Amino acid sequence: MSADAPAGPGGGSGPGAGSGPGGAGGQGAPRKVARVILLDPEDRILLLHGFEPGDPADDWWFTPGGGLEGAETREQAALRELAEETGITDVELGPVLWHRYCSFPFDGRRWEQDEWYFLARTSQTATVLGGLTELERRSVSGTRWWTSEELLAAHETVYPTRLAELLRTLLDDGPPGAPVNLAPEIV
């Protein structure tokens, strides 16, 4: 993740980036974010466990991903973020599944993001949280591979909030012909 991309309830390397355009506080356009719906050979999805740095009891699960850096594409950002956050580099990146706008508080700021969710597949299931930024080290506690059934039965908070339903549809019907616009999530 980028140095100013925390792991907040927006899902993934967190809410937003710093205080520049697209970052916190409604300054400029929402931050451009690439997220990854990473599936293993058993169709389990990888999620990261995050929490509010000042309140570890305020926790959630989210997809890997984060903000674009420099002139990189969303595809490049998705692969970079996945490697930084999980250590997984043996990935087949697929199509964009969903688009989502989200806005949420995290680490004392309001974050606004324009998120694209990419489908990806891997056979590499071991994870390493070695590339986290300082803020991410204070707000990410681990990873877990979830089956669709486990996600549907989960009582924990997961972002995006409809992820269990979206994953079940993806596994049953395959990727959509064009990216689906998800309802905005304002927390």
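Modeller: A polar contact is a pair of N or O atoms within 3.5 Å; within protein, one must be able to donate a hydrogen and the other to accept it, and residues adjacent in sequence count only if both atoms are side-chain atoms. This is a predicted model, in which local features need pLDDT of at least 70 and side-chain atom pairs count only at pLDDT 80 or more, while totals for chains, interfaces and linings use all residues. Residues are numbered from 1 along each chain as its sequence is written, and side-chain values use heavy atoms, with hydrogens and water left out.

Colleague: With which side chain does the side chain of histidine 49 make a polar contact at 2.7 Å?

Modeller: Histidine 49 lies in strand 2; strands (E, at least two residues) and helices (H or I, at least four) are DSSP runs, numbered from the N terminus. Its side chain has a polar contact with serine 141 at 2.6 Å. The partner at 2.7 Å is the side chain of aspartate 59.

Colleague: Is histidine 49 buried or exposed?

Modeller: Buried means under 20% relative accessible area, exposed over 50%, and partly exposed in between (1.4 Å probe, protein chains only). Histidine 49 has 17% relative accessibility, so this residue counts as buried.

Colleague: Which residues does leucine 151 touch, not counting residues up to four places away in sequence?

Modeller: Contact means heavy atoms within 4.5 Å. By that rule, leucine 151 touches Ile45, Leu47, Trp146, Val158, Leu163, Ala164 and Leu167.

Colleague: What is the phi of aspartate 43?

Modeller: Aspartate 43 sits in the loop between strand 1 (31-39) and strand 2 (45-52). This residue is partly exposed, at a relative accessible area of 28%. Although aspartate 43 is not a glycine, its phi is positive, at about 65 degrees.

Colleague: Which residue is joined to proline 160 by a cis peptide bond?

Modeller: Proline 160 is found in the loop between strand 8 (158-159) and helix 4 (163-173). The cis bond has an omega of about 0 degrees, and the residue joined to proline 160 is tyrosine 159.
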